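Hi everyone, thanks for making time.

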Amino acid sequence: MKSSPTDASAADHSPARLSQQFGERWNRFWFDPLDPIHVAVLRSLVGCLAVYYLVTFTPDLVYWFGDGGVLSRETVAHLTGADQGWGFRASFLNLTTSPTVLWVFHGLSILVAILFTVGLLSRVMNVLTLLVVLSYIHRGPILTGPFEPILCFLLLYLCLAPTGRRLSLDGRFGWSRGASDAPSVSARVATRLIQVHLVAIYGLIVTNQLAGEAWWNGEAVWWLAARSESRLADLTGLLAPSLFLINALTHAIVLIEIGFIVLVWPRLTRPYALAASCLLWLLIGVTSGLVSFAAAMLVGNAAFISTATLRRLAARGD
Amino acid sequence: MAVRAEERSDSSEPGRGAKGSAEGLSPQWRQFGSLAIVLHLLLVFVALSANYAPSALQQRLLDVFAVYTRALNLDPNFTPYHLTHATEVDVDHQVQVLLENGDASNPADWVSVPNVHEELTISEPYRRRQRFAKVLSLFADDDATAGHLARGMASQFVHQRDLQPTRVRARAHLLQSWTDVRAGSVQQRDPFDPSYYDVRYDARILIGPAGSIDVLKTATAGEVARPDASEP
C-alpha cells in the first residue's frame, strides 16, 4: 500500500521524530570525538594565564596574607561570612601566615602552573593548578575582578580533557595515554563547555550593560576612558572632540557582543565573529585597563578556532 | 596525513563525526554525561544571571548550591561585568593613610594606596589595591566591615612597615564629564584636581601599648546634625 505524501510529512514532524533528531544533534554537539589539539592549545594559553596570575602576587604576597598583612584570616572570614559558618572557600594559604611557608607555597604554586603550561604530568598539574588558583582567590576574595572567574572555568573544564596528548612534554616523553592525534570525546566535552560558558559570559556582559543608561545613550566608552587611575591609555583627548565617536564605540561594543553570541556558532560567520571580538577586547582593554580580563576572554575565544587552523599552526611550530 | 585530517571531526562542523574514532561513549555514559552537563550549566546560568540585582529566588538557589558554585568560583558574586554604568560606584578608589606627625590638610602627607603616579595602573598588584579601596568605600556605612578593612590597612603599616598611622580614609576619584574636558576651566580639565575627590570613609587609628589597633570612624560631611539656629 502506498503511503500518501501527507503521511510522510506528518511522520517527519512527529514529536518522536523531533525528539530523536534533537537527541542526535545533542550527541553530536557534546560527544563527537575531537582532535585533542584544541585542548592542548588551550592548555598552553590557560597555563600562561595561570602563571601570570600567580606571579603577580609575588610583590604583595606578605603585604596581603602575611603576619600583620592587610587581609587577615579574621577579616576574610568576616567578609565572606565564614565566621557564620557558610564560607565554602577553602584555601591552603589559610594554613599559615609565616612568610617562609608562604613563600614556599607560592614558589610551589608557580612551579605547578608552569608544569601544567608545558604539559608535564598534565592531568595532575591541571587539577593542582586549579586548586592553587582557587586557594589564592578564596584567601583574598575582595581582590578578585572579572579575570579570575574566567580563568577558573577554563582550568576547570580542561581538567576533563586529555590536554597532555599534544604540544606537551607528556607527549614528547610518551607519558600520555592514547595516540597523540586520536580524537577524544572528553576533548569535545571540555571544548564545548568552554564555548558555552564563554558565550554565557558574553550574555552576562550584554544584559548587565543594557541594564544601565550609559550603554543605551552611547556614553559608556567615555566613562570608561575618563577613569584616569584605571585606563591603559588616555583616550579622552581623542574622544572629547566627537560625541559621535564615543557613541559609535559604545554601540559597537554592545553590537559586537550580541553578534558574537549569535554568529560564533555558524561556521560561515565564525571567523568574522572572532575577528570582531579581537577588536572588542582590544578596545575594552585600552579604555578600561582590564588587560588581563581582555586577555582571558581572547584565550577563551580560542576554543572556537577550527581544527584545521590549529593543525596548520601546530605543524608550523613543529 | 592530509587525508586522515579531513576525515576527522572539526569543531567547526559539529554535525560530522569522526570515522574510525578511537574513543566512543556508550548510551548509558552519554545519558549520565548529558545529565551532568545540564545540571552544571543550570547552576552556571543561575550564578551568572544573579550577578546583577538577583531576585530572592536566585539568591536562595545560590545559597543552596554555594558549596559548588562558590567553591569553584563559578559565582561572579557582583563582579561588575558591565564595566561601567557611570554611577558613583563605577569610579576609581584609593585608600590614604596619614602617619604620625602628618598634617591632614597637606596632601603630600597622605600615603596613597594605590598610588597612580608611582605604579603601573594595569598591573594586577595595582588593581588589587584599587579593589580593596573600593570595597572599603562601598562598605563605609557598615562599621564592622569597614573597621576590619581599615584595621587591616593600619596593621600593615604598623607591623610590616614599622610606621604609626593615625588616620585611614577611602576616597573616590570622580569622573570628568565630556563637557568638562572639552570646554571646562583649567581645574575641570585636570583629572587630578582636588575637586574630583570625594572622601567616602574616614577613621582615626588608635594604637594601644601592646600594639593593638582600634578604629574610630569619624563623621563624614553631611552626617553631623546642623545646629539649631536658636542655640547660642
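In chain B there is an open sheet of 5 strands in the order 2-1-3-4-5, paired antiparallel. Strands here are DSSP E runs of at least two residues, helices are H or I runs of at least four, and both are numbered from the N terminus; two strands pair if DSSP finds at least two bridges between them. Strand 2 (110-113) and strand 5 (213-217) of chain B each have a single partner strand, so one side of each has no neighbour in the sheet. On average, neighbouring strands are turned by 25 degrees against each other, direction ignored.

A word on provenance: this is a predicted model, where local features need pLDDT of at least 70, side-chain atom pairs count only at pLDDT 80 or more, and totals for chains, interfaces and linings use all residues. Residues are numbered from 1 along each chain as its sequence is written, chains are lettered from A and ligands numbered from 1 in the order written, and side-chain values use heavy atoms, leaving out hydrogens and water.

Now chain A: how many helices and strands does it have? Chain A has 16 helices and 0 strands. Of its 318 residues, 57% are buried, meaning under 20% relative accessible area with a 1.4 Å probe, protein chains only. Its C-alpha atoms fill a box of roughly 90 × 60 × 50 Å along the principal axes.

Definitions and conventions: Buried means under 20% relative accessible area, exposed over 50%, partly exposed in between (1.4 Å probe, protein chains only). Axes are lines fitted to C-alpha atoms, for helices over the stretch in contact, and angles run from 0 to 180 degrees between N-to-C directions.
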